[in-house]
Every structure is written in C-alpha cells, then in structure tokens.
Amino acid sequence: MSTRIRITLENLHALKGLAGLEARFSSPEDSVNHVSLSVFRFDDQLLVTPHLARLVGHDSPLLHLRKHESGGMFDRFAEHAEELWTRGVPVTV
C-alpha cells in the first residue's frame with residue numbers, strides 16, 4: 001500500500017495547480033473503521049478499488065460505476081466516500 005500511496009502522491013504533484021483537483025487521506029479515527037478504498041469521482045461516474053487483504057492494489061478489482069438511478073450502487077459508494085471525505089485530511093503536494 002505504501003508504494004501505491006507514493007506513486008499516487010507523485011502523480012498528484014505533477015497535476016499540482018489543476019483546478020478542481022482534490023485529494024485527502026482518511027482521518028486517523030476513520031482509518032481503522034472502514035474498508036480501504038480508492039475512489040475517484042467524475043460527475044456521474046466513479047472508479048472504485050476496494051483493496052483486498054493480502055493483495056497489492058493492482059491485483060484488487062476496479063469497479064467503474066455510473067449513476068443510473070437514485071439509491072443504487074453508485075449512490076451507496078458515493079455517499080460512503082463523501083462521509084469519509086468530510087473528515088479527511090487534505091493532501092498537500
């Protein structure tokens with residue numbers, strides 16, 4: 001996981017100054033209470049990687065979710081990520 005974080009931070013640094021780009025780390029109190037996820041939101045689409053135990057990130061599945069209806073899988077992941085986001089610690093690059 002540490003390698004994935006380092007690579008992501010390096011890529012974020014290359015995009016520094018891009019309007020609308022934000023990243024956060026889980027808050028310390030949330031980091032032990034939720035499934036490890038990478039979530040990237042683009043309006044009505046989500047890319048979600050639930051990181052599976054004992055696997056490196058690229059061996060975990062990538063879900064491409066599109067919003068088709070209210071209350072579906074897209075909304076469930078989006079609401080979960082937004083709740084964690086509100087308590088997250090901004091990434092500075």
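The legends below describe close-up views of a predicted model.

Residues are numbered from 1 along each chain as its sequence is written. Local features need pLDDT of at least 70, side-chain atom pairs count only at pLDDT 80 or more, and totals for chains, interfaces and linings use all residues, while side-chain values use heavy atoms, with hydrogens and water left out.

**View 1. The open sheet of β2, β3 and β4.**
The 3 strands form an open sheet in the order β2-β3-β4, with antiparallel pairing. Strands pair if DSSP finds at least two bridges between them. Helices (H or I, at least four residues) and strands (E, at least two) are DSSP runs, numbered from the N terminus. β2 and β4 (63-66) are the edge strands; each has a single partner strand, so one side of each is left without a neighbour in the sheet. On average, neighbouring strands of this sheet are turned by 20° against each other, direction ignored. Axes are lines fitted to C-alpha atoms, for helices over the stretch in contact, and angles run from 0 to 180 degrees between N-to-C directions.

**View 2. Bridge partners across the sheet.**
β2 and β3 run antiparallel and are joined by 6 bridges. F42 faces Q45 of β3. R41 stands opposite L46 in β3. F40 has L47 of β3 as its bridge partner. On to the next pair of strands: β3 and β4 pair in the antiparallel sense over 4 bridges. Here L46 stands opposite L65 in β4.

**View 3. Helix α2 across the sheet.**
α2 lies across β2, β3 and β4. The helix runs at about 110° to β2.

Most residues other than glycine have a negative phi. D43 has a positive phi of about 55° although it is not a glycine. Its place is in the loop between β2 and β3. The hairpin of these strands has 2 residues between them. D43 is exposed, with a relative accessible area of 69%. R54, also not a glycine, has a positive phi of about 65°. R54 is found in the loop between β3 and β4. At 83% relative accessibility, R54 counts as exposed. Buried means under 20% relative accessible area, exposed over 50%, and partly exposed in between (1.4 Å probe, protein chains only).

**View 4. D30 in the loop between β1 and β2.**
D30 is buried, with a relative accessible area of 9%. Leaving out residues up to four places away in sequence, D30 touches L84 and R87. Contact means heavy atoms within 4.5 Å.

**View 5. L12 in helix α1.**
L12 is buried, at a relative accessible area of 15%. Neighbours within four places in sequence aside, L12 is in contact with L21, A23, V91 and V93. L12 and V91 are 79 residues apart in sequence. In space, C-alpha to C-alpha, L12 and V91 are 9.2 Å apart.

**View 6. V89 in strand β5 (residues 89-90).**
V89 counts as partly exposed, at 38% relative accessibility. Not counting residues up to four places away in sequence, V89 touches A23, R24, F25, S26, S27 and P28. V89 and P28 are 61 residues apart in sequence and 8.7 Å apart in space, C-alpha to C-alpha.

**View 7. The largest pocket.**
The largest pocket has a volume of about 1,400 Å³. Of the 37 residues that line this pocket, the closest to its centre are R24, L37, S38, V39 and F40. Elements giving two or more residues to the lining are α1 (2-14), β1 (24-25), β2 (37-42), β3 (45-50) and α2 (73-87). By class, the lining has 18 nonpolar, 14 polar and 5 charged residues. Ala, Val, Leu, Ile, Met, Phe, Trp, Tyr, Cys and Pro count as nonpolar, Asp, Glu, Lys and Arg as charged, and the others, Gly among them, as polar. On a 1 Å grid over the protein atoms alone, a pocket is an open set of points where a 1.4 Å probe fits, with protein on both sides within 12 Å along at least five of seven lines; lining residues have an atom within 4 Å of a point. Grid points are joined across faces, edges and corners, and a volume is the space filled by probe spheres set on the points.
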